[in-house]
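Visitor: Please show me the structure, and then I will ask about it piece by piece.

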Amino acid sequence: MTTADKEQFSCEELVELVTDYLEDKMAPEDRSRFDEHLNWCPPCVEYLRQMRGTLRLAGKLTPKDIPEPAKDGLLHAFRHWKRSAH
Amino acid sequence: MTSVEQAPASERSVGDDVLPRLLAGDEAAFLALVERYHGSMVRVARGFVASEAVAEEVAQEAWVGVLSGLATFEGRSSLKSWIFRIVTNCAKTRGQRERRSVPISALAQEETSGGPSVEPERFFDSSHPRWAGNWSVPPERWAEERLVSIETIEVVSRAIDELPPVQKQVISLRDVEGLTAEEACELLGISEANQRVLLHRARSRVRSAVEQYMKAGNLS
């Protein structure tokens, strides 16, 4: 094992750094080590892809059904606002 | 500099014309806006108040606040961040009135500590001569077509609902609604570093839920 190898992140360390990586909050040398790790580690590439997939899925959350009484109440409020504003 | 990654805004915007339509009294535009944001508003409110029912009330109260402020909304921030400012303000006021004992900052602190993002059993332990800390049970590739399915989105939705309150707030504001880290920190009154740790924990848990779902599906 060379000195350079020792400085590399393990996979277990890398999974804790994914958000720092995606948020671009890593020191440049750590970011290089992260990228370096990805070069030889397909499972971590997949892990990173899954974390990206997860945040994209969150961005697609379908609207929650609004309880019918709440909806009626809000429409009532809207009509009231409309009358007073127009 | 790479930019911070988030879902494309087009997937969640309600359309640029929504404001003039609202001001013109368009009910359909109002209902579309409510349906678009109400779920996240309840999730965010929930962290400040004692129950789901109160969070629902707070979100409704916030909509009334949105309507009464609409005529004077100057568009200095996006409509979305303005709406989330209103709901967090309503929720904080309500939380204070109820004298909720644990403030968000303390909850946030508590939620930043906790277990690893991935179970330690999935890595070779430190005794391994060559692969210590590397995957022993690596993640399996997710099928692209299942990533876009309604069922998978439902799994994500349920996983988010089960998160601890502040993690739920952070992931709702950041990943569901696409607000910036700065906006999320300001709304919740937490530090940037805490926000990032909470976002990481939340995303890791949700990823894990999707992974379990994918695995179960692959077996059948």
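Guide: This is a predicted model. In it, 53 residues of chain B are in contact with 41 residues of chain A.

Visitor: Which element supplies the largest share of the side of chain B that touches chain A?
Guide: Helices H2 (27-46), H3 (52-70), H7 (150-161), H8 (165-176) and H10 (192-219) of chain B each supply at least two residues of the side that touches chain A. By class, this side of chain B has 27 nonpolar, 13 polar and 13 charged residues. The largest share, eight residues, comes from H10(B).

Visitor: What is the order of elements in chain B, from the N terminus on?
Guide: Chain B has 10 helices and zero strands. From the N terminus on, the elements run α-α-α-α-α-α-α-α-α-α.

Visitor: What share of the residues of chain B count as buried?
Guide: The C-alpha atoms of chain B fill a box of roughly 70 × 40 × 40 Å along the principal axes. Among contacts in chain B with a separation of 6 or more, 68% are accounted for by residues 24 or more positions apart. Of the 220 residues of chain B, the share that counts as buried is 39%.

Visitor: What distance separates the centres of domain 1 and domain 2 of chain B?
Guide: Chain B is divided into domain 1 (9-97) and domain 2 (104-219). Taken over C-alpha atoms, the centres of domain 1 of chain B and domain 2 of chain B are separated by 26 Å.

Visitor: Which element gives the most to the side of domain 1 of chain B that touches domain 2 of chain B?
Guide: The contact takes 13 residues from domain 1 of chain B and 13 residues from domain 2 of chain B. On the domain 1 side, the elements that give two or more residues are H2 and helix H4 (79-97) of chain B. By class, that side has four nonpolar, four polar and five charged residues. The element that gives the most, with five residues, is H4(B).

Visitor: How many residues of the contact of H3(B) with H4(B) are nonpolar?
Guide: H3(B) contributes Val54(B), Val58(B), Ala59(B), Glu61(B), Ala62(B), Gly65(B) and Val66(B). From H4(B) come Ile83(B), Ile86(B), Val87(B), Cys90(B), Ala91(B) and Arg94(B). By class, one residue of this contact is polar, two are charged, and the number that are nonpolar is 10.

Visitor: Is Val54(B) buried, partly exposed or exposed?
Guide: Val54(B) is found in helix H3 of chain B. Leaving aside neighbours within four places in sequence, Val54(B) is in contact with Val49(B) and Arg94(B). A buried residue needs 20 or more other C-beta atoms within 10 Å, and an exposed one has 12 or fewer. Because Val54(B) has 18, it is partly exposed.

Visitor: How many of the 12 residues of H8(B) are buried?
Guide: H8(B) is mostly covered. The buried residues include Val166(B), Lys168(B), Ile171(B), Leu173(B), Arg174(B) and Asp175(B). Just after H8(B), Gly178(B) takes a positive phi of about 75°. Of the 12 residues of H8(B), the number buried is 11.

Visitor: What is the handedness of the crossing of H2(B) and H8(B), left-handed or right-handed?
Guide: H2(B) and H8(B) pack at an angle of about 145°, with their axes 8 Å apart. Ser40(B), Arg43(B), Val44(B) and Arg46(B) in H2(B) meet Pro165(B), Lys168(B), Gln169(B), Ser172(B), Leu173(B) and Val176(B) in H8(B). The residues of this contact divide into four nonpolar, three polar and three charged. The crossing of H2(B) and H8(B) is left-handed.

Visitor: Is Asp24(A) buried or exposed?
Guide: Asp24(A) lies in the loop between helix H2 (11-22) and helix H3 (28-40) of chain A. Phi of Asp24(A) is near 55°, a positive value in a residue other than glycine. Most residues other than glycine have a negative phi. With 12 other C-beta atoms within 10 Å, Asp24(A) is exposed.

How values were computed:
Residues numbered from 1 in each chain as written. Chains lettered and ligands numbered in written order. Predicted model: local features only at pLDDT ≥ 70, side-chain atom pairs only at ≥ 80, totals over all residues. Contact = placed C-beta atoms within 7 Å. Helix = DSSP H or I, 4+ residues; strand = E, 2+ residues; numbered from the N terminus. Nonpolar A, V, L, I, M, F, W, Y, C, P; charged D, E, K, R; others polar. Domains from an automatic or database assignment. Axes fitted to C-alpha atoms, helices over the stretch in contact; angles between N-to-C directions. Left-handed = near helix turned anticlockwise from the far one by under 90°.
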